[in-house]
Amino acid sequence: MSQHPLPPDAVDAIAAQWNAVRPDLSTDAMEVFGRIFRISRTVTDRLGQAHAAFGIGTGEFDVIGTLRRSGEPYTLSPRELTATLMLTTGGMTGRLDKLERAGLVTRSPDPHDRRGLRITLTPAGLDLADRVIGANTAVYGEVLAALTPEEAATLSALLRRLLASAGS
């Protein structure tokens, strides 16, 4: 990363406005989280564009990506998927319907639970998941290219600590 000072950004402008009208407030935390939120929104938008290039939405990738990273046989119950993705059952059903119509997943009876189902990634779903995760990591890499590998590792460790302190 360059040692040259960076020009002020939109978060600096917001902090300056607050400092002008409320000089008693510290805006340090606001500046940190303002930048985290803006980075998150930008990366989410870029991931959405990458997913759209493959004909799926981010929600659909979340499902096939979860199945892919579960390992062979790339099968989970709807309940396991719902818990992992923090979705309602209705939200999951819509995603599964779309993915099944596209031939990316199959639904089959759970051999261990007569009332249950298993969701399995098809070969086409496996191929798509692998291609999309490659696009995702490219987006992340492009964003992190502003940092050295050491800076990125430090940032990751600091964010891990913040996430743990936030209770997530």
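**Helix packing, sheet and salt bridges**

Helices α3 and α5 are roughly perpendicular to each other (65 to 115 degrees; under 35 counts as roughly parallel, over 145 as roughly antiparallel, the rest as oblique). The model is predicted, with local features needing pLDDT of at least 70 and side-chain atom pairs pLDDT 80 or more, while totals for chains, interfaces and linings use all residues. Residues are numbered from 1 along each chain, and side-chain values use heavy atoms, without hydrogens and water.

**Packing of α3 and α5**
- Helix α3 spans residues 58-69 and helix α5 residues 89-101; they pack at about 85°, with axes 10 Å apart (axes are lines fitted to C-alpha atoms, for helices over the stretch in contact, and angles between N-to-C directions run from 0 to 180 degrees).
- Helices are DSSP runs of H or I with at least four residues, and strands are E runs of at least two, numbered from the N terminus.
- On the α3 side, Gly59, Glu60, Asp62, Val63 and Ile64 meet Met92, Arg95, Leu96, Lys98 and Leu99 of α5 (contact means heavy atoms within 4.5 Å).

**Sheet**
- Three strands form an open sheet in the order β1-β3-β2, with antiparallel pairing (a pair needs at least two DSSP bridges).
- β1 (75-76) and β2 (105-110) stand at the edges with a single partner strand each, so one side of each has no neighbour in the sheet.
- Strand β3 (residues 113-121) is joined to β1 by 2 bridges, and Leu76 stands opposite Ile119 in β3.
- Helix α3 packs on the sheet, touching β1, β2 and β3, and its direction makes about 95° with that of β3.
- Helix α4 (residues 78-85) also packs on the sheet, touching β1 and β3, at about 60° to the direction of β3.

**Salt bridges**
- The structure holds 12 salt bridges (a side-chain nitrogen of Lys or Arg within 4 Å of a carboxyl oxygen of Asp or Glu).
- Asp130 and Arg68 form one of 2.7 Å, N to O; this pair links helix α6 (residues 123-144) to helix α3, 62 residues apart.
- Asp130 is partly exposed at 35% relative accessible area, and Arg68 is partly exposed at 29% (buried is under 20%, exposed over 50%, partly exposed in between, with a 1.4 Å probe and protein chains only).
- Arg131 forms a salt bridge with Asp127 at 3.0 Å between the closest N and O atoms; both lie in α6, 4 residues apart, about one turn of the helix.
- A network of salt bridges links Asp9, Asp12, Glu31 and Arg35.
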